[in-house]
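User: I'd like to go over a structure with you. Can you take me through it?

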Amino acid sequence: MDDVINAAGATARGYHIDADEYARMYAQSIQDPEGFWGEHGKRLDWIKPYTKVKNTSFAYDDVSIKWFEDGTLNVAANCVDRHLATRGDQTAIIWEPDEPTDEALHITYRELHAQVGKMANVLKSLGVEKGDRVVIYLPMIPEAAYAMLACARIGAIHSIVFAGFSPDALGARINGCDAKVVITADHAPRGGRKTKLKDNVNQALLHDTDDVKCLVVQRTGDQVAWRNGLDFWWHEEAEKVSSDCAPEEMNAEDPLFILYTSGSTGMPKGVVHSTGGYLTYASMTHEYIFDYHEGDIYWCTADVGWVTGHSYIVYGPLANGATTVMFEGVPTYPDAGRFWQVCERHKVTQFYTAPTAIRALMGKGTAPVEGSDLSSLRLLGSVGEPINPEAWNWYNENVGKGRCPIVDTWWQTETGGILITPLPGVTPNPKPGSATKPFFGVAPVVLDDQGNELDGATEGVLAIKDSWPGQMRTVWGDHKRFVSTYFEMFKGYYFSGDGCRRDADGDYWITGRVDDVINVSGHRMGTAEVESALVAHSTVSEAAVVGYPHDIKGQGIYCYVTLMDGVEATDELRTQLANWVRQEIGPIAKPDVIQWAPGLPKTRSGKIMRRILRKIAENDFDSLGDTSTLADPSVVDDLITNRTGA
Ligand code: WT7
């Protein structure tokens with residue numbers, strides 16, 4: 001790997017590359033993807049080196065994506081074993097617990113190796129074999145990383161479910177991939193509160209007939225209900241097994257993990273990522289975009305329940321032999337200075353967070369930031385939603401003190417890694433709010449509604465013209481859905497679902513989703529999911545859900561609800577419905593506004609006109625557009641009159 005780093009050439013400023021080098025490498029990556037990725041795939045250790053690099057097709061009737069298809073490797077060996085000789089005693093993971101008064105842990109690569117080996121052997125003892133699925137439902141504790149890497153070690157496919165999801169959502173994901181084992185903890189402490197994870201698993205498995213086993217990490221020591229013969233304590237099982245577990249030889253195209261994400265229709269889909277291409281891409285982007293160098297202390301504040309945690313807390317950093325910080329808590333506990341105290345305590349060099357966190361902290365003033373020594377910071381990152389210029393400037397001035405490059409990284413669960421971003425040492429004048437330029441091998445295009453490529457400075461939808469190694473391979477169990485979701489609307493392209501603008505310098509500005517997906521605090525939520533939770537309530541006849549601008553969350557959840565005949569529309573019911581959705585999906589889906597709607601604006605063919613509902617939610621009544629196709633235009637007047645102040 002060092003050869004590749006050196007080949008990139010460190011510049012006088014110490015960044016891996018400069019603007020000329022970026023231009024040269026980018027041009028090569030697009031003109032000769034085989035040559036480019038053939039070289040950079042070597043940053044990993046392969047058991048059997050690949051001879052074929054790229055075999056991909058975006059053709060609608062033949063969507064197929066394969067990278068390094070005849071190579072074999074093991075992801076855990078790449079993230080752990082290969083570092084032992086040179087950095088066995090280096091810290092791999094710094095764990096910062098929820099309570100600042102509890103001790104942080106420093107886990108070396110050698111310790112990580114032993115823990116991963118043990119967990120791999122425990123999984124085997126529970127009957128998990130290569131290709132089996134394991135659901136991980138854990139707090140942000142080191143065991144989450146052990147579990148991911150243990151699966152990778154034995155060739156099991158993990159599917160992490162964010163610990164904030166409800167038992168129902170968890171159950172659907174366990175069934176969705178036929179998991180053999182669920183790895184969880186007794187309770188999850190977060191922000192001074194506790195979530196009863198094991199109880200949630202019990203509830204999720206209540207009607208399970210497959211005898212799904214559960215491996216339980218003791219995090220808090222609280223009492224939990226036990227399913228005899230099916231539940232096992234991690235600390236007890238770990239005693240019984242050796243820490244040696246030979247890594248399974250995996251094909252580059254074997255699935256590494258499934259991660260469920262929301263789309264514009266139906267229930268969340270299981271995004272499938274591969275072994276070789278995914279890890280190559282996660283590792284290379286982590287190194288270049290975060291300007292990762294030996295000795296850095298890198299911190300991404302995401303949760304491993306989201307793709308950001310997969311690629312940029314665990315897989316990318318560990319593949320690069322980095323020290324990665326795992327934080328169990330939240331930015332505002334016990335106070336709004338927590339992020340900065342952690343930066344100071346661990347001398348963090350790269351800090352990667354979401355605009356929603358920045359906005360929340362911005363509201364608390366600058367005193368909490370000024371209270372900590374942030375001189376170790378060299379680079380800042382942002383991810384999850386467009387960052388508004390106010391938040392960008394606040395981040396730059398108060399956290400970066402005007403001397404840290406900011407990388408505004410655009411990507412998606414589906415893309416596996418960052419696709420569009422500024423690069424430190426390359427991108428000259430930062431433009432607050434622009435994700436700027438594509439990473440190597442990424443060919444973005446701006447399309448009009450008809451799918452024509454637009455040139456120069458323009459605006460339209462964002463699509464990608466050719467495959468990159470980190471791209472998702474399929475939807476778990478439903479390849480047709482993969483093709484119809486991403487390749488049907490604009491034939492020959494991967495369609496991102498985002499709108500974008502390209503300026504005269506060729507820089508990209510992501511303007512947000514153009515489908516029925518909303519982005520709440522950097523988390524994706526399908527409006528269809530919230531709607532189906534609402535109509536599952538006995539009092540609800542119909543529901544339509546849209547996003548609206550929210551100061552801190554970016555977008556809030558605005559619900560129009562039509563009640564069953566005879567049901568009284570009370571404030572109490574409103575609270576009840578909001579809590580119902582929270583319980584059905586999880587806290588992140590809790591509606592911000594519920595407006596009673598005697599009728600919904602529909603076309604004569606019965607299609608709900610969300611465009612109008614969005615405008616009403618935005619308080620923008622003057623630009624409702626054409627309402628002449630409505631079956632009953634009077635419902636719009638009623639909705640406007642009764643609009644609840646958001
Ligand atoms: C959607 C993907 C990828 C990690 C976290 C979210 C939005 C993400 C940016 C950014 C503008 C962004 C897009 C995208 N998004 N990063 N830097 N600027 N928008 O992953 O849950 O799969 O959501 O998040 O709308 O489509 P995700």
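User: How many salt bridges does the rule find across the interface of domain 1 and domain 2?

Analyst: The rule finds one salt bridge across that interface, a salt bridge being a side-chain nitrogen of Lys or Arg within 4 Å of a carboxyl oxygen of Asp or Glu. This is a predicted model, where local features need pLDDT of at least 70, side-chain atom pairs count only at pLDDT 80 or more, and totals for chains, interfaces and linings use all residues. Residues are numbered from 1 along each chain as its sequence is written, and side-chain values use heavy atoms, with hydrogens and water left out.

User: Which residue forms a salt bridge with Glu-414?

Analyst: Arg-524 does, with the closest N and O atoms 2.8 Å apart.

User: Where are the domains in the chain?

Analyst: Domain 1 covers 19-501 and domain 2 covers 521-642; the bounds come from an automatic or database domain assignment. Their centres, taken over C-alpha atoms, are 32 Å apart.

User: How many residues are in contact?

Analyst: 22 residues of domain 1 contact 19 residues of domain 2, contact meaning heavy atoms within 4.5 Å.

User: And what area is buried between the two?

Analyst: About 1,500 Å², with carbon and sulfur atoms giving 48%. Buried area is the accessible area (1.4 Å probe) that two parts lose on being put together, summed over both.

User: Why quote an area at all?

Analyst: Because the size of an interface is often given as the accessible area lost when the parts come together.
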